[in-house]
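Here are my notes on the model, as numbered points. Please read them with the structure open.

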Amino acid sequence: QPLTLDGVVPYPPKTVAEYLSNGYWHDQTLPELLFAAAERHPDKLAVIDRDTRLSYRQLTDEVLRLAAGLQHLGLGRGDRVVVHLPNTYEYIAFLFALWELGVIPVVAPIAHRRAEIEHFIEIAEARTYITVASDSGTDLAALAADLKGRWAHLDHTVILDRRGGGAEYDALLSKGSLEHVRRCSPQDVALLQMSGGTTGVPKLMPHTHHTYGYALRRSVGERGITERTVHLLVMPICHSMSTRSPGFLGAFSAGATIVIAPNGSPDVAFPLIEKHRANRVTLVPPILLAWLNSSLRGAYDLSSMRVVMCGGAKLSEEVARRVEPELGMELSQSFGMGEGLVVSNPPDIDRETRVRYQGRPASEADEIRVIDDEGNDVAPGVPGHLLTRGPSVIRGYYRNPEQNALAFTSDGFYRTGDIVERDERGFIRVVGRSKDQINRGGEKIAPEELENAFLAHSGVHNASVIGVDDEVLGERIKAYLIPRSPEHVADLTLGKLRQFLQERGLATFKLPDFVEVVDEFPYTAVGKVSKRLQRERKQARVERQR
Ligand code: J2J
């Protein structure tokens with residue numbers, strides 16, 4: 001019997017039956033996917049992380065011991081646990097151990113800080129918080145202790161050493177081992193994932209074993225991931241790019257090997273490619289640009305690297321054109337969203353399409369609509385708003401009826417907020433954005449969230465946050481601030497404001513790059529301008545691209 005979780009918008013029973021009978025959804029949970037792979041090739045290397053190398057058998061053994069430890073904490077089906085870890089194999093072990101128990105991980109990127117973590121603990125009524133002792137100078141153990149004192153439902157914290165492992169991890173592993181049996185339904189929510197920001201507080205996306213299973217099977221089938229794949233994981237490990245498109249789940253379903261890197265910078269990634277003969281990677285445009293322009297390229301043997309998948313933000317055509325001749329690696333663009341849909345270019349498509357388009361859906365079950373402002377479908381080649389529905393797409397955010405009314409149509413289509421053009425073949429090009437969001441090299445920032453944070457500053461009368469064009473990151477964050485009085489201007493420097501926001505517990509990637517103190521916002525006298533500025537900028541961008 002599927003679990004009903006309060007605050008989750010269910011799929012209509014007719015749709016569930018249809019997705020199951022058409023084979024889009026399988027009767028398989030995510031841990032069953034891993035255990036099936038372990039049965040097929042127990043001794044194959046599953047994951048490499050620093051000095052740790054685990055075969056599929058060793059990984060499943062560790063998962064079952066960890067699951068016993070987590071069960072010992074009193075965790076069971078339907079409970080929520082916030083997992084806030086850097087790129088380590090322990091993240092993967094925790095996810096499978098929680099899934100084995102039917103527990104729902106709420107996954108947070110390690111760059112998150114108090115504001116985001118506390119929100120997740122509160123909204124999901126989390127029973128456990130798993131993190132590392134510290135990250136980039138922030139004492140997360142102290143944060144954990146403080147949060148445990150504040151939230152009655154938070155029974156336990158698990159603190160790993162800064163780079164993973166440690167006494168608390170070993171203690172969890174010391175409680176024996178569980179047997180691998182089905183403890184949840186594939187229709188259950190498997191995880192709650194943060195969405196790219198558009199609102200004052202981050203939203204959580206409930207994905208089921210079904211939606212994730214579908215997405216990863218598509219991305220594996222379509223991208224030629226096989227047992228011989230050695231996939232380098234460089235993006236934050238909880239992002240859907242690292243998890244299911246194809247990510248470690250896609251790799252495991254094919255019996256491939258994952259190499260975990262702390263990040264994608266050339267000095268970190270290149271030695272790992274050489275050492276482990278990695279042949280695929282998924283990254284965002286600024287990292288691809290760093291690879292292209294790196295002076296380290298000649299210093300390492302990168303010849304094993306065959307396919308570079310790039311998505312998360314607009315890749316400029318100029319950069320896209322350089323990849324194959326200069327890196328000698330095949331470029332595979334993708335365009336996707338945590339909410340579900342991922343499109344990518346099939347491997348056999350011509351070079352011009354690979355450079356100019358982000359891809360097309362792999363299945364007719366991935367429904368796409370491109371509409372104008374009035375809601376009418378537009379002709380091929382005409383830009384419009386992208387709406388999508390399908391076996392990978394959620395039907396609503398977790399415990400968020402207000403946002404759901406805006407972001408989803410009554411018949412279940414997700415309004416992506418992206419402006420796209422679709423050609424006669426069904427290939428999609430992202431040409432702009434209608435949502436109030438900044439895409440800083442793939443990191444999504446909600447202006448509203450930052451504006452709210454600025455408004456809490458005693459020297460700020462009003463704030464407006466926008467994205468400004470940037471050669472490397474695509475966009476950077478700029479804040480226009482109106483001071484309460486001239487005496488306050490001295491407090492509104494970039495350095496002081498970044499520190500203020502950090503002290504408020506905001507994730508580091510949300511801190512502004514530029515601040516300008518103004519008497520009134522540019523272009524208009526009414527409070528908020530960011531939306532209008534963005535619209536104008538988007539208009540300009542759309543026109544430039546045509
Ligand atoms: C322009 N904008 C893009 C692209 C995403 C695979 C790939 C990406 C994501 C992701 C993902 C873009 N060109 N190629 O989850 O599984 C912008 C769009 C989109 C938003 C989603 C995956 N690829 N974008 O980026 O949830 O605006 O997912 O709606 O982080 O990123 O962001 P996110």
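1. Start with helix α2 (residues 30-40) and helix α3 (residues 56-72). They pack at an angle of about 140°, and their axes are 8 Å apart. Axes here are lines fitted to C-alpha atoms, for helices over the stretch in contact, and angles run from 0 to 180 degrees between N-to-C directions. α2 and α3 are therefore oblique to each other. On this scale, under 35 degrees is roughly parallel, over 145 roughly antiparallel, 65 to 115 roughly perpendicular, and the rest oblique. The crossing of α2 and α3 is left-handed. That term applies if the near helix is turned anticlockwise from the far one by less than a right angle; clockwise makes a crossing right-handed.

2. Before going on, note the basis. This is a predicted model: local features need pLDDT of at least 70, side-chain atom pairs count only at pLDDT 80 or more, and totals for chains, interfaces and linings use all residues. Residues are numbered from 1 along each chain as its sequence is written, and side-chain values use heavy atoms, with hydrogens and water left out. Helices (H or I, at least four residues) and strands (E, at least two) are DSSP runs, numbered from the N terminus.

3. Which residues of α2 and α3 meet? From α2 come Leu 34, Phe 35, Ala 37 and Ala 38; from α3 come Tyr 56, Leu 59, Thr 60, Val 63 and Leu 64. Contact means heavy atoms within 4.5 Å. The residues of this contact divide into eight nonpolar, one polar and no charged. Ala, Val, Leu, Ile, Met, Phe, Trp, Tyr, Cys and Pro count as nonpolar, Asp, Glu, Lys and Arg as charged, and the others, Gly among them, as polar.

4. Now take helix α5 (residues 114-124) and helix α6 (residues 140-150). Their packing angle is about 35°, with the axes 11 Å apart. The crossing of α5 and α6 is right-handed. Arg 114, Ile 117, Glu 118 and Ile 121 of α5 meet Leu 143, Asp 146, Leu 147 and Arg 150 of α6. The contact of α5 with α6 has four nonpolar residues, no polar and four charged.

5. Strand β1 (residues 45-49) is mostly covered, with four of its five residues buried. Buried means under 20% relative accessible area, exposed over 50%, and partly exposed in between (1.4 Å probe, protein chains only). β1 pairs with strand β2 (residues 52-55) in the antiparallel sense over four bridges. Two strands pair if DSSP finds at least two bridges between them. β1 and β2 form a hairpin with two residues between them, and Arg 50 in the turn has a positive phi of about 50°. Three bridges also join β1 to strand β12 (residues 257-260), and these two run parallel. Check Val 47: its bridge partner is Leu 54 in β2 and Ile 258 in β12.

6. Look next at the open sheet of three strands. The order is β23-β24-β25, with mixed pairing. The edge strands are β23 (460-470) and β25 (514-517), each pairing on one side only. The twist averages 25° from one strand to the next. Helix α16 (residues 447-455) packs on the sheet and touches β23 and β24; its direction makes about 145° with that of β23.

7. Is Ser 392 buried or exposed? Ser 392 is buried, with a relative accessible area of 3%. Ser 392 sits in the loop between β18 (384-389) and α15 (401-407).
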